[in-house]
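Work through the exercises below with the sequence and the model open. Each task is followed by a solution in steps.

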Amino acid sequence: MEHFAIWVAAFLTMGIFSFLYKDNAWYKLCEAIFVGISAGYWFVTLFWDNIYGKFWVGKGDDSMLYIGAFLGLLMLMRLVPKIGWISRWPLAFIVGATAGFYLINYFSSNVMRQVEDTIMPLLGPDYSAGAYDIIGNIVIAVGTFSGLVYFFFSKEHKGAFGATAKVGIFFLMITFGASFGYTVMSRMSLLIGRLDFLFGDWLGMIK
Amino acid sequence: MKRQIPLFITFFVGTLLILSVFIPPMETLGEDFTLFFDIIAVFAFFLGGGNLVRVHVTKLMKRKPDWGFSIVTLVGFAFILAAGLFKIGNPGDIASSVTAEGSWFQESFNYILNPLQSTMYALLAFFVASASYRAFRAKNREATILLVAAFIILLGRTPFGMALTAWIPESFSIFQIPNLAIWIMNSPNLAGQRAIMIGIGLGVVSMSLRLILGIERTYLGDDRA
C-alpha cells in the first residue's frame with residue numbers, strides 16, 4: 001500500500017513540475033486535486049478541532065460559546081438572499097474584535113517594544129560594550145530612525161530630511177536583500193526536498 | 001438597520017476588548033473572543049466549501065472549458081470530507097484522532113496534499129531564479145546594495161561561503177562571509193525590520209481606530225448584499 005502511495009506522490013510531484021515546460025493537462029489535473037483536497041482537509045481539521053474539540057467536548061460550563069455558535073450560524077444567512085445582510089453581524093464582530101485586539105497588541109509589540117529596544121545605551125549598559133557591539137548599536141539606532149524618516153510622507157523628502165530618508169532606503173534595501181536571500185534559500189531547500197523524494201524514496205537512487 | 005447594527009457591534013466589541021486590557025476581571029475576554037473566532041471560522045468554511053461546490057458544479061453543468069477538472073476537484077473534496085468526517089480507515093475507533101497514522105485522512109495528507117503543497121512552493125525556486133536575474137542587475141546604488149546583501153546572506157549560509165573566506169586571519173574574522181552574514185542579519189537588517197515593524201504597527205493602530213469609530217466601512221459591502 002505504501003509503495004502505491006509513493007507512486008501517487010511521485011505522479012503528483014512530477015505533474016506540478018511539468019508546469020516548467022508549459023501549462024498542460026497533467027499540471028491542471030494536479031492543480032484540481034490540490035484545490036479539492038486542500039479545501040476538504042482544512043474543513044475537516046477545523047471541524048474536529050473547533051466544533052468538536054472546543055465547542056462540543058471542550059465547552060464544559062462555558063455557555064458563552066453558544067454566542068460564538070450563534071454568530072457562526074448567522075454567517076450562513078448569506079445563503080438566503082433576502083436576509084443575507086444579517087451575515088454582516090458576525091463579520092462586524094470579527095472586524096471589531098480583531099481591531100480591538102490588534103490595536104493594543106500591535107501598539108505594544110510592534111511600536112513600544114521596538115522603540116524601547118532601539119533607544120538603548122550605545123556603549124552598553126555599563127560602558128562595557130566592545131567595538132563590534134558599539135558599531136552594531138549605532139547602526140541599529142541610525143537605521144531604525146532613518147528608515148522611519150523614509151516612511152514619513154507628510155513632509156517632502158529634500159534637504160537634510162531627504163538625505164536621512166535616503167540613508168533609510170539603503171537600510172531598507174539591505175533588509176529586502178536579506179529577506180530575498182532567505183526566500184531563495186527556503187525555496188531551494190524545498191526543491192532539494194522534493195528531488196530527494198523523487199530520487200530517494202521513489203527511484204531509490206539515493207540511499 | 002442594515003448598517004447601523006453592524007457598526008454598533010464593531011464599536012462595542014472593539015471598545016470592550018481595548019478596555020479589557022485595563023480592567024483585570026475582563027482580562028479573559030480576549031481568549032473568549034478568540035474561541036468565538038474559531039467557531040465562526042468553521043461556519044465560514046461551510047460557506048467557502050459550499051461556494052467551491054457551487055462554482056465547480058456550475059462549470060460542470062454549463063460545460064465550460066476544462067470542466068473535466070471540476071469533476072476531479074469535486075471528487076477530491078468529497079473524498080477527503082468523507083475520509084475525515086467519518087474517520088474512514090482509522091486504526092482506532094471513532095473516538096481516535098482524525099490525524100492518526102494509517103487513517104485515510106492522514107495518508108491523504110502525507111501522500112497527496114503534502115507533496116502537492118511542497119512541490120508548488122518548490123516550483124517557485126525556478127521563478128525566484130529568473131526574478132534574481134532581474135533583481136541582481138546592479139542598475140543603481142539601491143539595487144547594488146540589495147544585491148550585495150542578498151549575495152552575502154546566500155553565501156554565508158553555505159559551506160562554499162565559509163571556504164571562500166577561510167583564509168582571512170582570526171583578528172579580521174568579521175570579514176569572513178558567514179560572520180558578515182550574521183552581522184548583516186543582526187544589525188542593518190534588524191534596523192530595517194524595526195522601521196518596517198514600527199510603520200506597520202502605527203498603520204494597524206490607525207486602521208483599527210478607523211474601524212472601531214466607523215470611519216472605515218468598506219467591510220460592510222453595499223446594501224445589495
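**Exercise 1.** What is the mean pLDDT of chain A?

Solution. The model is predicted; local features need pLDDT of at least 70, side-chain atom pairs count only at pLDDT 80 or more, and totals for chains, interfaces and linings use all residues. Residues are numbered from 1 along each chain as its sequence is written, while chains are lettered from A and ligands numbered from 1 in the order in which they are written. pLDDT is the predictor's confidence in each residue, from 0 to 100. For chain A the mean is 90, and 98% of its residues reach 70 or more.

**Exercise 2.** Find the residues with the most contacts inside the largest nonpolar core.

Solution. Begin with the terms. A residue is buried if 20 or more other C-beta atoms, placed from the backbone, lie within 10 Å of its own, exposed if 12 or fewer, and partly exposed in between. A nonpolar core joins buried Ala, Val, Leu, Ile, Met, Phe, Trp, Tyr and Cys residues through C-beta atoms within 7 Å. The largest such core has 55 residues, and Ile33(A), Ile40(B) and Leu116(B) have the most contacts inside it. Helix H2 (residues 25–57) of chain A gives the most to this core, 12 residues. Helices here are DSSP runs of H or I, at least four residues, numbered from the N terminus.

**Exercise 3.** How many residues of chain B are in contact with chain A?

Solution. Two residues are in contact if their C-beta atoms, placed from the backbone, lie within 7 Å. By that rule, 105 residues of chain B meet 100 residues of chain A. Sorted by class, the chain B side has 76 nonpolar, 21 polar and 8 charged residues. Ala, Val, Leu, Ile, Met, Phe, Trp, Tyr, Cys and Pro count as nonpolar, Asp, Glu, Lys and Arg as charged, and the others, Gly among them, as polar.

**Exercise 4.** Is Arg63(B) buried or exposed?

Solution. Locate Arg63(B) in the loop between H2 and H3 of chain B. Its phi is near 50 degrees, a positive value in a residue other than glycine. Arg63(B) counts as exposed because it has 8 C-beta neighbours inside 10 Å.

**Exercise 5.** Is Lys87(B) buried or exposed?

Solution. Lys87(B) sits in the loop between H3 and H4 of chain B. Although not a glycine, Lys87(B) has a positive phi of about 50 degrees. With 22 C-beta neighbours inside 10 Å, Lys87(B) counts as buried.

Technical notes: Helices (H or I, at least four residues) and strands (E, at least two) are DSSP runs, numbered from the N terminus.
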